[in-house]
Each structure stands twice: as structure tokens, then as C-alpha cells.
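This report concerns the structure shown below. Please keep the sequence and the model at hand while reading.

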There are 2 protein chains.
Amino acid sequence: MKLASLKGGRDGRLVVVSNDVAWFTDASQIAPTLQTALDDWDRCEPLLRGLADSLEHGAAPRERFHEHEAASPLPRAYQWADGSAYVNHVQLVRKARGAEMPETFWTDPLMYQGGSDSFLAPRDPIPLADPAFGCDLEGEVAVITGDVHMGASREEALTAIRLVMLCNDVSLRNLIPGELAKGFGFFQSKPASAFSPVAVTPDALPGWADGKLHGKLEVELNGQVLGEADAGVDMTFDFGTLIAHAAKTRALAAGTIIGSGTVSNRGNDEGPGKPVSEGGVGYSCLAEVRTVETLVHGAPRTEFLNFGDCVRIEMKDARRHTIFGAIEQEVVPYTRESR
Amino acid sequence: MKLASLKGGRDGRLVVVSNDVAWFTDASQIAPTLQTALDDWDRCEPLLRGLADSLEHGAAPRERFHEHEAASPLPRAYQWADGSAYVNHVQLVRKARGAEMPETFWTDPLMYQGGSDSFLAPRDPIPLADPAFGCDLEGEVAVITGDVHMGASREEALTAIRLVMLCNDVSLRNLIPGELAKGFGFFQSKPASAFSPVAVTPDALPGWADGKLHGKLEVELNGQVLGEADAGVDMTFDFGTLIAHAAKTRALAAGTIIGSGTVSNRGNDEGPGKPVSEGGVGYSCLAEVRTVETLVHGAPRTEFLNFGDCVRIEMKDARRHTIFGAIEQEVVPYTRESR
């Protein structure tokens, strides 16, 4: 089953989307918003699945689904916690600045609490006040959970996964060192993120296995392929482990979004991966590009995002059909009028 | 005007509370929940104020307000960002571990993104899985904002403050060093917080001035006074400054909660403050007690919270009447059944 939230109001309007992401049918009779459906999932899920079946069989009224009319599936959420499950990526970044990564990073997930009060829509521009902030994209996979009790095991956590999405976790790289030095984690360095137009139940994802989403995460910058790493490869912590980590000392409420962190695959020689142009799978963020450039050339060569740059994040099935729709965002100057 | 959310459902039921916190009248005809009122504040505020006037004048149906029937004013919120505005407190903690505090801490606010998906009710127990986590209370002041645009000034931010509350920001002190060493800030070390039974508009607070709440924050542990620091004293960053800090790179949506951090006053000699029993104003968290003990005696003498310990946080007006109602929470062993 595929769900989306059409723009409108603070929480959008819940619709069921066809498997080919071409059509939608209104679901507001079942639940007006995705959050209300998640709040009462046991009642809503079978009704939504029935509606999805009707849509596939032409038995429900349908309209064309336009990705630019979609908000993020949860336009605002009660929780957004982002892990760093591709430890390879963390190790590379540390290596580039000459720092050792603690061995515990392979067993104890890194996770930060992100802002969730207003996400960008998947085709909305990224408003940037100052290019000197070092704006970066981060291609990720994310899941939406139901209620998770405190102390849940990995297995219990896996059963709480309701929907899967893609994410562009926008980061302001040049604000990060100062914030992390203060010791309280990210804040200003993590502006609003965006999620894919469509959220998909795990059972409708052929690539879903063992709490991971297998498949190429296609990341483009200005129409050029930046990365096509497999999200199911080198993911040290699966989503069950990430959710259980988040729930260790408190319950998670329905509608919690848990992110994978930037998708990253190792190179064949266990060293840094190569660009797509050199036969590698490339990168899902510019920081990793710059890290590899630093390791290879002694200094970064790629700039962070500037006004007019356009990023695209998508995943396709075996027939090259889109699974989640595409996140496609242009970086624009922020003005008070543009809000 | 005073507002509260009676327990019921995930978001409670909005009621208007009398100025003496003794009575309430149902407000669900205006807005079913506090979040829906905040989402449409321009429409709801005058209606709620009219209802509050009717309640004061005996012209509205009223029922007894029982604090233990109240949830936190926002039982779940889209954002909870907690500052460390009492820099004195930060400096003390650093001093106790022999570390220098950077000078920039006096000009650049510390703030972390907290979990907001499910807060404890003000009279709910604090479920603790393991006393070895080092459970601590933190007495704070917090505000709820309306919509704040990216890049808002301090003055613009001040006009966005809708309501003021007290907060117990529960912390697991012994999990903090390990988490901060990982560099991504707090996560497991910050379980669910609780807020006062009643949220109050700034105009109804005689102690509200210049973005600060003046008045003694009374903190008790097991019926003994732990602290009575003035929340308006030694607050280096007022709420306007904290909100503007949070909004530097992204908009804040209505219903955002911004916290002051642990209230803390300097001693008369600019050194660490004294306990109430020695004529000082005491402390709003046990970590500060232990810090001062370390500075004075070489080692902490006070233990963190254990099962059965009861904390109480309240602020009273000049006539010793409660302003926000009291947060009163007992620490209990967490079991899956207790959730």
C-alpha cells in the first residue's frame, strides 16, 4: 500500500496512491490525515488497504497523482530521530580529518534528535539564507513507526514499522563543527528535511528484508548522477536496531520517524568508494565526496550547494519504475517573502 | 488566561482554568485540543479569553479543576527545544570537572533538540528502568510559541510567545557523558519530560518582563526544599533570544516549546550558591547539588533519584497561591505493564 499527503493545511490530506504512483484516491473518509491514521492504525489500516485494492482494480474514483502536489507524507511529525547506520560513512569522515573512530561506533548506534515541526515538501525549494553555511543534501531511507513501548526489543521494533520513505536530510555543514563543539548536538545545522512524495508499507517493497531496504538510492545533482549506493548494503544497524535504540529509555509515539543516516557503500577494496564516473557507486551527500577528495587529493574539490543547484533522490524498482516518487529540490535564496 | 488539557486521548481535552486554578470550563466548542487552538490562534484566542472572563464572573458552567486529572498542556508536541539560559549553571558544572567554559557560552546560547512525542503528565510517576542511569529532575520555565519565521529577531520572537509553563526536564545523568562523547547530543539520556498542569498567557503573569519570568521556582525533594532560585535572575538569554536562536535556519511551527534550561542563581560572592539550609536559594537539579558538593568537599554526597523519591516543582504568586499548579512526580520502577 502506498500513501501520500496532498498539500493543504498543516497536515495535508491523506490519499491512497496506486502502486505505479500515477493515480490517487481520497482517503479522508477513513482518516483526514496520515497522523490520524497512524494514531488509530488498527482500525484504519484494513480500511486503507481495502481502498488501495479498489484503486488498483479501478473500483474507486481516481485522479492523477502529481508529485509536486504532495507534501511530505507527515508534513509535521511528533518525532524525527536520525541514525547513522552506515558506519562506513562515519569512519570515512573521521579519517579525512585524521581522527580515529571509536570501536563502539560499530555496536552502539549514533542517533540525533531532529526538528520535526515543519518538513519541506518533496518538490519544494530549499530556502537558504547564506551559501556560506555549506548546504548539503543527505540521501537517506526513513521509516514511520506505530507506538513502541519503552525497552522494546529489535524484533518488537520491527513489527512497529508502518511505512517506509526516502529522505533528504538537509544539513548546513559549516555550522556543524561549531555546534558539535558546544556538546549539545545539531540544531541550527539541521534545517527542515524533506521526504519522498509517497510512503510505502514494507509488504509492498520487494527490497524490504530484515529491517533494511535493499535497492539503489539514486542521487542526482543538477542532472548528473552523484550516487547509486545500495541502501541494503553496509547498513550496520537495521531499522529494528535503530528503533530499539531510540526506545531504550522512553516510549515512541505513533508517527515517529526514524532515519537511516546517509546511505553509503564501501569501495571494493574496503577503502573509500569511487565516483560513479570511475566505476564506483558514488555518494549520497557532498560531505562524503569532499571527504574522499581529501583522502585522495589532500583537499576537497567539490563545493557545497549554491543557489540554483538542484538535487534529486529516488529509488526505482526492477522495471525502472519509481517506488516512492522523487524528492527534487532547488536551492533558493531565503527571503521573508518566500516563506 | 490559563489553559489546561484534561487527560483523554493522545492530545487531551482543552479547558480554560480559573485564575486561582480551582475551576475549569470546557473549551472544546472553540478548539478540541490546545494544539488545534495554537494552529488557529488568531481565531481562537479572543474566544478563549471571552470564555475565561465568563468563568471568572460565574457566567460559564464550571467544574472543580484537579491537577492530577491534567495532562501536560501539550501532551505531545511537534517540537521541544531546550536552552541552557542560566549560564552560571553550565559554568559550575564545567568547573566541577576541571574544565574551562568557552567565553562564547555567554553570548551564543546552548540548545538541544528534545523528544516531544509523548510527555508525562504533571502528576504521573517517572518510570525508570534502572536507578544506575542516574535519574535527575531539572526545574525549568518553558514557553509555547506560535508560528515563527526563519530568521526572526528577538523582538519578533517575543511577540510569538503564546503561553508559559513550568517543566521537569527529566535527565539520566549517568548516560550523558557517553552520549555527549559520541558527539550527537542527548538522546537516551533525555527521557520524557513533564510540564505544569496549567499554561498561562504572559499578560496574566505579574512576574513576566522582558522575555523572562521573575519569581521563585520552588523545587522540593521528598517534601524538603531543594531550591527556590528566582527564574528571572541570572538568566543570561531571555526567551526572545532563545527563540530567535532556534529560528536562525528554519521556521518554528505553532506549538513549539522552548525551555530555559535548569534555573540557577549565583551565590552572593559570585561563587557556587548555597543550600537553602545554609541561607542560600538552593538548586533546581541534583547535578548542581553534586557539583557544589564536589567543589566544596571534593566529592558529591547527594545521590540521584531512586524509586520512591518524589519531586515537586511549583511557582507561587505574592499571596502564595499557585500560578501553574504543581508538577509532582514519584520515581517508580518501569515495567511493561506500567506503561
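The model is predicted: local features require pLDDT of at least 70, side-chain atom pairs count only at pLDDT 80 or more, and totals for chains, interfaces and linings use all residues. Residues are numbered from 1 along each chain as its sequence is written, chains are lettered from A and ligands numbered from 1 in the order in which they are written, and side-chain values use heavy atoms, with hydrogens and water left out.

**Interface**

Taking contact as heavy atoms within 4.5 Å, 56 residues of chain B touch 56 residues of chain A. The two chains bury about 5,100 Å² between them, 54% of which comes from carbon and sulfur atoms; buried area here is the accessible area (1.4 Å probe) that two parts lose on being put together, summed over both. On the side of chain B, the greatest losses of area to chain A fall on Tyr78(B), Phe184(B) and Phe187(B), which together account for 19% of what that side buries.

Polar contacts are pairs of N or O atoms within 3.5 Å; within protein, one atom must be able to donate a hydrogen and the other to accept it, and residues adjacent in sequence count only if both atoms are side-chain atoms. Between chain B and chain A, 27 residue pairs are in polar contact, both residues being at pLDDT 80 or more. The elements of chain B that each supply at least two residues to the side touching chain A are H1 (34-39), S6 (79-83), S7 (111-114), H5 (176-182) and H6 (239-246). Helices (H or I, at least four residues) and strands (E, at least two) are DSSP runs, numbered from the N terminus. Strand S7(B) gives the most to this side, with 4 residues. By class, the side of chain B that touches chain A comprises 26 nonpolar, 15 polar and 15 charged residues; Ala, Val, Leu, Ile, Met, Phe, Trp, Tyr, Cys and Pro count as nonpolar, Asp, Glu, Lys and Arg as charged, and the others, Gly among them, as polar.

The same surface serves both copies, as 100% of the contact residues of chain B recur in chain A.

**Salt bridges**

A salt bridge is a side-chain nitrogen of Lys or Arg within 4 Å of a carboxyl oxygen of Asp or Glu. Two examples are tabulated.

| Salt bridge | N to O distance |
|---|---|
| Asp147(A) and Arg10(B) | 2.7 Å |
| Lys7(A) and Asp124(A) | 2.9 Å |

Lys7(A) lies in the loop between S1 (2-6) and S2 (13-17) of chain A and Asp124(A) in the loop between S7 (111-114) and S8 (126-128) of chain A, so this pair ties together parts 117 residues apart in sequence.

**Backbone**

Most residues other than glycine have a negative phi. Arg320(A), however, has a positive phi near 65°, and is placed in the loop between S20 (310-314) and S21 (327-333) of chain A.
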